[in-house]
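Morning, everyone. I'll take a few minutes on one protein model. Have a look at it first, then we'll walk through it.

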Amino acid sequence: MSGVLTRTCTRYVKIFSTLFTQTNRHRYMSKTAHSGEYIRRFISENTEIVGEKSLTPEVKLRLFTPGCRFWRERPELWPFDDPYWAIYWPGGQALSRYVLDNPEVCRGKKVLDLGSGCGASAISAKLCGAAHVVANDIDIVAAVATHINCELNSLEPPVCVTDNMIGSEPQGFNLILLGDMFYDEALADSLYIWLDHCIKIHGTKVLIGDPGRAQFESHDIRRRLQQLAHFELPETVREENYGLTSSSVWCYQDWT
Ligand SMILES: C[S@@+](CC[C@H](N)C(=O)[O-])C[C@H]1O[C@@H](n2cnc3c(N)ncnc32)[C@H](O)[C@@H]1O
């Protein structure tokens, strides 16, 4: 796990940074050696169905918990890249809560959940009647997790894209959702430029969920955002994310 993310200091991140420090060979293997069926079975065997203690108890998700084998297992046995998809991040929780509370934001819209992880925001958009939902995550395991999580919620899966879309020619999305995507400075910089482009070309609405991470609060993008909602995190989520007590949703404005 990247040093930058480690500095976000969530309990999960601390645990993951110990558990999942791997060699490049393992990472390469993970991209090439495993079939979708293997990944699906692995996720089912190494996660638990949770969700009721999050900000969106109505959404069920398969996530990593202390009851799972790899909470304690030797790191070299972990066969994939770092499991961001196995956590429901506080930024994604606030964003999904906001979407579920304001279904008109998504209803009938073409929605992109960028950095979708477990797929919770994409699932929320589908639950609110979005016309078309794309879940984009560069980790192929996240795409399989999103499929599984959609099934748990009796939904057809969204279109899952695993290419890096940041910097690509903007497509005509009405809405882009970003849950906890401002944990890394370089990623935040490239997002800022690309989102600006999407807004200018297609008038895309951009919603960001973030629990007040330092990299987010100090970034230039912050001056272009209007706060839409603020949520106190449930006790369990606070315990799992040292130092984080709340999470907000922001709308990216084009004020130029
Ligand atoms: C902190 S997690 C947030 C996941 C989810 N949005 C949530 O809030 O629960 C960040 C996610 O972004 C993904 N990611 C990182 N860089 C990306 C990129 N360039 N394009 C798409 N996804 C990316 C990671 O694989 C990871 O799943």
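Start at Leu207. Which residue is its bridge partner in S9? Cys251 is the one. Keep in mind that this is a predicted model.

Now widen the view around that pair. Strand S7 covers residues 205–210, and strand S9 covers residues 246–252. These two strands run antiparallel. Four bridges join them.

Next, the sheet they sit in. Seven strands make up an open sheet. Read the order with me: S5-S4-S3-S6-S7-S9-S8. The pairing is mixed. Where does the sheet end? Its edge strands are S5, at 159–161, and S8, at 225–232. Each of these pairs on one side only. From one strand to the next, the twist averages 20°.

On to the ligand. How many residues are around it? There are 25. Tyr84, Gly92, Gly115, Gly117 and Gly179 come nearest. Two helices to look for here are H5, residues 90–101, and H6, residues 120–127. Each supplies at least two residues of the shell around the ligand. What is that shell like by class? It has 13 nonpolar residues, nine polar ones and three charged ones.

Last, the whole protein. Count ten helices and nine strands. The protein has 256 residues, and buried residues make up 43% of them. Then the contacts.

Conventions:
Residues numbered from 1 in each chain as written. Predicted model: local features only at pLDDT ≥ 70, side-chain atom pairs only at ≥ 80, totals over all residues. Pairing = 2+ DSSP bridges. Axes fitted to C-alpha atoms, helices over the stretch in contact; angles between N-to-C directions. Near = placed C-beta within 6 Å. Nonpolar A, V, L, I, M, F, W, Y, C, P; charged D, E, K, R; others polar. Buried ≥ 20, exposed ≤ 12 C-beta atoms within 10 Å, placed from the backbone.
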